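Work through the exercises below with the model open. Each task is followed by a solution in steps.

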Amino acid sequence: TITQYLRILIDPVVNPVIGPPTSIRDLNVVAQANPILCLNNVSGLSPDMSDALCRFATEGGASARRLYSDEDEVALDTNRPIIVNGIAPVATRGDLIERTVFIYPPEIDPHKRRCQDDLALEFEEKRPAIFGAVLDCLVKALQCYREVTLPQTPRMADFARWGEAATRELCSESESF
């Protein structure tokens, strides 16, 4: 549900989450057609699929032979944000782990569980405010990004710097609530 709402907050589509494609070619097609790649109920990734997700997260390029042709090539721009959900750990290889923000939602108390229709209705009512809050955080992170210095430059330095800028803004906002 969190994956679905994150996706439709940014990109309201009919089918916000899909199962993982079975081939890298299919994954490229799905990534090319969607500004956010959302894979639902993933129980594991092959090394090739993990590598492809790494490329989508940072490098953003792929190429393939055009169908029915031996000489023509099609280049794909597949640099995408990716949301993957599952019960078991999905990102197990170091390169994908370094490109991942893990979210562990709390278990919902059985007495507080709600029907999907009720959640959808409440989400639609609050969606403009939620989206506005996301944009406000982004604006503030953009304002302080250049001032962020990290004590040590890690791999994925830009990702870490953006994470630090957003965290500073989120923490300062939460203290004011």
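**Exercise 1: an arginine in a loop**

Arg80 is found in the loop between strand S3 (73-77) and strand S4 (82-84). Strands (E, at least two residues) and helices (H or I, at least four) are DSSP runs, numbered from the N terminus. The model is predicted: local features need pLDDT of at least 70, side-chain atom pairs count only at pLDDT 80 or more, and totals for chains, interfaces and linings use all residues. Residues are numbered from 1 along each chain as its sequence is written, and side-chain values use heavy atoms, with hydrogens and water left out.

Task: decide whether Arg80 is buried or exposed, and find which backbone oxygen its side chain reaches at 2.7 Å.

Step 1. Take the classes: buried is under 20% relative accessible area, exposed over 50%, partly exposed in between (1.4 Å probe, protein chains only). Arg80 has 14%, so Arg80 is buried.

Step 2. Check the polar contacts (N or O atoms within 3.5 Å; within protein, one must be able to donate a hydrogen and the other to accept it, and residues adjacent in sequence count only if both atoms are side-chain atoms). The Arg80 side chain reaches the backbone oxygen of Ala31 at 2.7 Å. A polar atom of that side chain also lies 3.5 Å from the backbone oxygen of Gln32.

Step 3. List contacts (heavy atoms within 4.5 Å). Beyond four places in sequence, the partners of Arg80 include Asn34, Pro35, Ile36 and Phe56.

**Exercise 2: aromatic pairs**

Task: state how many aromatic pairs the structure holds, then classify two of them.

Step 1. The count is three. Rings of Phe, Tyr and Trp (its six-membered ring) pair if their centres lie within 6.5 Å; planes under 30 degrees apart are stacked, over 60 edge-to-face, the rest tilted.

Step 2. Tyr5 and Phe123 have ring centres 4.3 Å apart and planes at 10°, so they are stacked. Tyr5 is in helix H1 and Phe123 in helix H5 (residues 116-145), so this pair ties together parts 118 residues apart in sequence. Both Tyr5 and Phe123 are buried.

Step 3. Tyr145 and Trp162 are also stacked, at 3.9 Å centre to centre and 15° between the planes. Tyr145 belongs to helix H5 and Trp162 to helix H6 (residues 157-176), so the pair links parts 17 residues apart in sequence.

Step 4. Compare burial. Tyr145 is buried at 9% relative accessibility, whereas Trp162 is partly exposed at 33%.
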